[in-house]
Amino acid sequence: MKLLLDIQKKLLPDLLDVLGVRFRILRFIRLMQPIGRRSLATNLGMSERVLRSEVTFLKEQGLINMATSGMTLTDEGKSVLTKLEEIMSDIFNLKNVENQLKQCLGLSEVIVVPGDSDAAPWVKNEMGRATVQLMKRTLAGETSKIVALTGGTSMAAVAEMMTPDSEMKETLFIPARGGLGEQVENQANTICATMARKADGHYRLLHVPDQLSQDSYTSLMEEPKIKEILALIRSANLVVHGIGEATIMAERRSSSEEILQNLNKKQAVAEAFGYYFNQNGDIIHRVLTIGLQLEDVVHIKSVVAVAGGASKAQAISAFMKQKTSNILVTDEGAAEAILQMHS
């Protein structure tokens with residue numbers, strides 16, 4: 001396969017360009033279907049004239065349907081796109097990038113999707129779709145299926161991409177930690193409920209704020225319902241979480257000026273599970289919150305971090321030095337930036 005691709009790149013470079021364009025069109029239709037031609041052209045940065053000829057070709061090949069509600073993939077289109085993804089991974093050299101990141105960050109598995117979610121927000125949905133496939137593969141054959149989830153925009157994209165599957169049926173989705181105070185759609189409770197509904201599973205909620213005073217924390221930790229949820233969280237066989245940029249996460253939590261200054265002074269770059277880290281991966285601040293703690297995470301079988309965009313490269317690299325997550329789902333923008341940092 002690699003030899004054939006190398007020959008094509010030399011003799012038929014235009015063919016690979018056309019293949020890349022049609023791959024992007026099919027992939028975006030799958031993400032946003034049904035979608036109109038104007039909206040598709042805008043999101044792909046193409047003129048409607050150029051896009052019209054491409055979608056006409058794809059329709060003639062039986063890969064897409066066109067209706068008044070918009071374009072959708074046919075079953076044949078879905079099958080072709082699945083096969084094409086493996087080929088495009090070789091063309092974009094993503095397999096090599098994944099292997100380099102595995103070695104660089106000391107992970108058991110890395111999945112890199114094409115694009116940069118900083119420049120194209122829909123790439124985040126691609127990360128979400130890749131994460132859903134990974135979740136289904138990870139839970140296959142498990143008798144007990146408990147998934148703990150954090151909040152955030154990347155996790156919301158994972159929930160959006162969830163689809164029913166026999167491997168996910170009856171799965172219990174639980175929030176990894178309290179999250180009241182965030183935007184509703186980005187709260188772990190909302191994400192759990194959405195995933196459970198789309199996967200034909202179940203969910204439990206954790207109705208506590210993201211940040212607590214010492215007195216509130218001590219009191220709530222004695223509540224029977226809280227103890228029950230915490231026991232479930234710690235028994236999860238899969239944790240899926242995001243990684244945030246320190247300053248952005250602190251501001252989203254409406255942290256005090258004193259905390260913001262402390263994070264800046266100690267050069268915080270990353271946040272995950274309520275912990276803040278510097279570029280060496282050292283913990284420099286911790287939010288008092290009910291839920292999964294770092295010492296709990298190390299005992300969980302599969303821990304998946306989902307984060308992308310070149311702007312998050314430093315945060316991803318810093319958090320991975322904790323060696324708590326063993327799998328990373330990211331995008332090309334973040335992957336290339338991380339490798340450049342480490343080189």
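Predicted model: local features only at pLDDT ≥ 70, side-chain atom pairs only at ≥ 80, totals over all residues.

Modeller: As for the largest pocket, α2 (13-32), α5 (75-91), α6 (94-105), β3 (109-113) and α7 (122-139) each give at least two residues to its lining.

Biologist: Which of those gives the largest share of the lining?
Modeller: That is α7, with 6 residues.

Biologist: And how many residues line the largest pocket in total, and which lie nearest its centre?
Modeller: The lining has 24 residues, and E85, E98, I111, V112 and Q133 are the ones nearest the centre. The space inside is about 510 Å³.

Biologist: What does that lining look like by class?
Modeller: It splits into 10 nonpolar, 4 polar and 10 charged residues.

Biologist: OK, what about the second largest pocket, how much space lies in there?
Modeller: About 420 Å³. Its lining counts 32 residues, with G151, G152, G244, M249 and R252 nearest the centre.

Biologist: Which elements supply at least two residues each there?
Modeller: Those are α8 (153-161), β8 (244-245), α12 (246-252) and β9 (268-272). By class, this second lining holds 8 nonpolar, 14 polar and 10 charged residues.

Biologist: Let's switch to helix packing. At what angle do α7 and α8 pack?
Modeller: The angle is about 65°, and the two axes are 7 Å apart. α7 crosses α8 in a right-handed way.

Biologist: Who touches whom in that contact?
Modeller: From α7 you have K124, N125, G128, R129, T131, V132 and M135, while α8 brings T153, S154, A157, V158 and M161. Sorted by class, the contact of α7 with α8 contains 5 nonpolar, 5 polar and 2 charged residues.

Biologist: Now α3 and α4, what are the angle and the spacing of the axes?
Modeller: Helix α3 (residues 37-44) packs against helix α4 (residues 48-60) at about 115°, and their axes are 10 Å apart. The two are therefore roughly perpendicular to each other. Their crossing is right-handed.

Biologist: Which residues meet there?
Modeller: R37, R38, L40 and A41 of α3 meet E48, L51, R52 and V55 of α4. By class, that contact comprises 4 nonpolar, no polar and 4 charged residues.

Biologist: And how do α15 and α16 pack?
Modeller: Helix α15 (residues 313-320) and helix α16 (residues 332-342) sit at about 65°, with axes 8 Å apart. This pair is therefore roughly perpendicular too, and the crossing of α15 and α16 is right-handed.

Biologist: What makes up the contact of those two?
Modeller: A313, Q314, I316 and S317 in α15 meet A334, A337, I338, M341 and H342 in α16. The class count for α15 with α16 is 6 nonpolar, 3 polar and no charged residues.

Biologist: Last topic, the backbone. Where is there a cis peptide bond?
Modeller: Look at Q33 and P34, which are joined by a cis bond with omega of about -10°. P34 belongs to the loop between α2 and α3.

Key: Residues numbered from 1 in each chain as written. Heavy atoms only, no water. Axes fitted to C-alpha atoms, helices over the stretch in contact; angles between N-to-C directions. Helix = DSSP H or I, 4+ residues; strand = E, 2+ residues; numbered from the N terminus. Parallel < 35°, antiparallel > 145°, perpendicular 65-115°, else oblique. Left-handed = near helix turned anticlockwise from the far one by under 90°. Contact = heavy atoms within 4.5 Å. Nonpolar A, V, L, I, M, F, W, Y, C, P; charged D, E, K, R; others polar. 1 Å grid on protein atoms, 1.4 Å probe; cavity = no way out; pocket = protein on both sides within 12 Å on 5 of 7 lines; lining within 4 Å. Points joined across faces, edges and corners; volume = space filled by probe spheres on them.
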